[in-house]
Amino acid sequence: GRDPAAGAGRDSSARMLTRIRALLAKAEATGFPEEAEALAAKAQELTARHRIDEALLAARAPAKDAPGALRIGVEAPYEQAKAVLLDAVATANHCRAVWNEQLSFSTVVGFEADLAAVELLYTSLLVQATHAMTKAEAAQRAGGRKRTKTFRQPFPAAYAPRMGPRLTAAAETQVTDDLLPVLASREVAVTAHT
């Protein structure tokens with residue numbers, strides 16, 4: 001017969017993803033980069049909570065969950081900065097990203113729920129970074145400076161180093177000592193699969 005716990009788990013998972021998407025939509029819509037980053041960090045917290053719930057369910061399941069892989073496009077312009085951002089998002093969500101510069105994509109390795117979270121967060125952060133860059137550029141022009149191209153190049157490169165630690169810190173708020181063995185075994189599986 002059907003497992004009622006599995007059905008309840010799917011419902012809970014769908015609700016959590018709806019909340020995460022709503023936070024990211026708010027982050028993308030706000031005109032304030034600081035608020036966008038705070039909302040993205042909150043989305044990362046919920047993502048980490050969801051990941052932990054999934055890991056605990058998988059650890060109790062008779063058939064063990066296994067890591068998989070997902071290809072995500074990393075295209076010009078600013079492809080190096082985008083690859084660094086994707087790597088930061090992957091790391092915060094206990095995945096590994098391997099960038100293939102020639103073919104313009106990264107392969108992200110991790111468990112299914114984590115891969116979905118990485119794709120969702122990365123896509124949203126790209127939108128947020130573009131909004132933040134446009135806003136900062138407008139402020140620069142209003143200040144009388146016109147060298148927009150030289151400004152644009154360092155901006156994306158600075159975004160990932162700022163957001164990566166923030167996402168990791170947000171994810172870590174959800175981890176307690178009793179969860180470490182389950183999460184560590186998943187880390188080992190992802191590393192081996194990579």
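P77 sits in the loop between strand 1 (68-73) and helix 3. Strands and helices here are DSSP runs numbered from the N terminus, with helices (H or I) of at least four residues and strands (E) of at least two. Welcome to a predicted model, in which local features need pLDDT of at least 70 and side-chain atom pairs count only at pLDDT 80 or more, while totals for chains, interfaces and linings use all residues. Residues are numbered from 1 along each chain as its sequence is written, and side-chain values use heavy atoms, leaving out hydrogens and water.

**The loop and strand 1**

Stay with that loop for a moment. The peptide bond that joins A76 and P77 is cis, with omega about 0°. Y78 has its place in the loop between strand 1 and helix 3, and its phi is near 60°, a positive value in a residue other than glycine.

Strand 1 itself holds A69. Setting aside neighbours within four places in sequence, A69 is in contact (heavy atoms within 4.5 Å) with T107, V108, V109 and L115. The C-alpha atoms of A69 and F111 are separated by 8.1 Å, although these residues are 42 apart along the chain.

**How the helices meet**

Axes are lines fitted to C-alpha atoms, for helices over the stretch in contact, and angles run from 0 to 180 degrees between N-to-C directions.

| Helix pair | Axes | Angle |
|---|---|---|
| Helix 3 (residues 79-92) and helix 4 (residues 112-142) | within 9 Å | roughly 140° |
| Helix 2 (residues 33-60) and helix 7 (residues 180-193) | within 10 Å | roughly 85° |
| Helix 2 and helix 4 | 11 Å apart | about 180° |

To put words to angles, under 35 degrees counts as roughly parallel, over 145 as roughly antiparallel, 65 to 115 as roughly perpendicular and the rest as oblique. Helix 2 is therefore roughly perpendicular to helix 7. From helix 2, R51, I52, A55, L56, A58 and A59 meet V182, L183 and R186 of helix 7. The residues of this contact divide into seven nonpolar, no polar and two charged. In this sorting, Ala, Val, Leu, Ile, Met, Phe, Trp, Tyr, Cys and Pro are nonpolar, Asp, Glu, Lys and Arg are charged, and the others, Gly among them, are polar.

Helix 2 and helix 4 are therefore roughly antiparallel to each other. Among the residues in their contact are P33, A36, H50 and E54 of helix 2, with A113, D114, Q128 and K135 of helix 4. This contact has nine nonpolar, four polar and five charged residues.

Helix 3 and helix 4, by their angle, are therefore oblique. Here K82, L85, L86, V89 and A90 of helix 3 meet V118, L121, Y122, L125 and L126 of helix 4. Nine of the residues in the contact of helix 3 with helix 4 are nonpolar, none polar and one charged.

**Rings and charges**

Which residue lies over the face of F111? R186 does, at 3.7 Å from the ring centre. K135 likewise lies over the face of F32, at 5.4 Å from the ring centre. A charge sits over a ring if NZ of Lys or CZ of Arg is within 6 Å of the ring centre and within 35 degrees of the ring normal.
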